[in-house]
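Please look over the model below with the notes that follow in mind.

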Amino acid sequence: MNSLFFKRLVIFVSIIGILLLILFSKTYVSKTLDLTKDNSESLEKVVIVCGNLKQLELKNNNLFFKICDRSVCLDAVIFSISKKEYTTLNSNYLNYEKICLKGKYTIYNSEPELIVYNFEKT
Amino acid sequence: MIFVDIILGIAIGFIFGLIPNLHVNVLGYVFLLTSFFTVFHDHFVLFLCIGLSHLITSYIPTALFGIPTESTIMHIFPLLKFFQKGESKTGIFLCLVGSFFGAIFSVVFLPFLFLLFSFFFQIYWFIALAILIVLLLFIFQEKTLRSRAIMFFIICVSGTLGIFTLKYNFFFKDPLIVCVSGLFAFPILIMSLFNKESFVKQSKSVRSFPKRSLFYSFVGSLSALFIILIPSFSSSQAGTIVNKFLKKLKNNEYIVLYSSISISAFIFSIYLAINFFKPRLGYIAILQNSNLLPSAYNFFYDSLIIVVCVCLVVLLIYLFIDKIIDFVNSSNLFILNIIILIVSLAIVLGFAGLKSVPLLLLSISIGFLPIVFNKPKVVLMAYIMFPTLLFYI
């Protein structure tokens, strides 16, 4: 197991594998969800959701809120939000501006939820 | 009804604990997927006892099955040295001693944990700083520049894997099971297949008990009290850090300490999950998400159940250990390891699907890094520590 060939193979696979993982993650094209439709096919996938923010609540450095497309809302959370991110989202919320969130569409406590990775104003 | 839950929990935990590489978190997922939690709703004691019983029993396969000789895993957990000498039973008994006293001390420490956690859990910089210090400690405990560079490389690779599977996961289902198995379990299993000298006849006698078992159990429980405050810290890391302070512990002392830390961390995690909604261990997080935890921790009642459960598990292992050793002595360890490898692979792929094969291969490759460079495997915990660090910065 300590042969030079095996050592080189392990190093090579580790580096190339990590670089590919980063590359694929960075270039991943997410589907945009329409909240008014059934999105069960997108569960556990990284998606984009656009809409307006409601009910912002900051708890233990995590921001819990809803993103709504007209009357249909989806629970969302940003873990360990920075001050800058919070200021941006809060001003967005106060001005009722539309925003797009990118994150993992998942189920939490039997309800769909978006774990936000990043966001951008539209 | 409580007694039925305790006995049933101990029996289930004992059976599953004997399966090598079946982590208690995986067991939690199995329960989740098979609706076991729904059938036994409101049976917190049952799942508490399963967890405790599994934790203590899992020392048996760790000590008895053919894990490779002189690999660096021994830096974390020196049971293998007992295995090599044919003294696995002694190693297992040391685990029982550490677990028993560790459970008692941890119950005594629970009020202190309440005070400590109330004070520290809002201090994010403290948690981030502690993780950073441990990562730096991994690097600077090495003496040469080359060794430090290798440690830095392993930390970066495993940490990046953690970030792109746990924090930003675009592709994979249940990446935690896949990566933890790939990083920690599979490299050891694969190595054991190539190690023809891994079969040693195990003795049924017990020797070399440390004189200060009570002291090391106390220290283990005390260190778990602080380690549990920091998410992503494992018992191995706690053991490594304490070892630095106590300076060159003997194998038997280290095992008592490690077992005490492990059981204390489990009990503290249950307490934190109930009182602060902060489970530190995956199995307990699954219990919490399945609404199986009680609304409050009843200090006397729940602590009594914990102590009774630990005592019964220790007794059960004491009664069965000779038969298990006989079985292992009469088995072909090579075939056993192949069976374990296939079962482990089936568990991982069953949960995560075939799409996770590339991730599994990458994790296995990274898991081999500390082995080929002869570094402690605990450094791979950067996989959990990097995403946690990002969370708290």
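**Notes on the interface and on chain B**

1. Across the interface of chain A and chain B, the rule finds zero salt bridges, a salt bridge being a side-chain nitrogen of Lys or Arg within 4 Å of a carboxyl oxygen of Asp or Glu. By class, the side of chain A that touches chain B has 15 nonpolar, nine polar and four charged residues, where Ala, Val, Leu, Ile, Met, Phe, Trp, Tyr, Cys and Pro count as nonpolar, Asp, Glu, Lys and Arg as charged, and the others, Gly among them, as polar.

2. This is a predicted model, in which local features need pLDDT of at least 70 and side-chain atom pairs count only at pLDDT 80 or more, while totals for chains, interfaces and linings use all residues. Residues are numbered from 1 along each chain as its sequence is written, chains are lettered from A in the order in which they are written, and side-chain values use heavy atoms, with hydrogens and water left out.

3. In the contact between the chains (heavy atoms within 4.5 Å), 28 residues of chain A meet 32 residues of chain B. The buried area, that is, the accessible area (1.4 Å probe) that two parts lose on being put together, summed over both, is about 2,600 Å² for chain A and chain B, with 70% given by carbon and sulfur atoms.

4. Of the contacts in chain B with a separation of 6 or more, 80% are accounted for by residues 24 or more positions apart.
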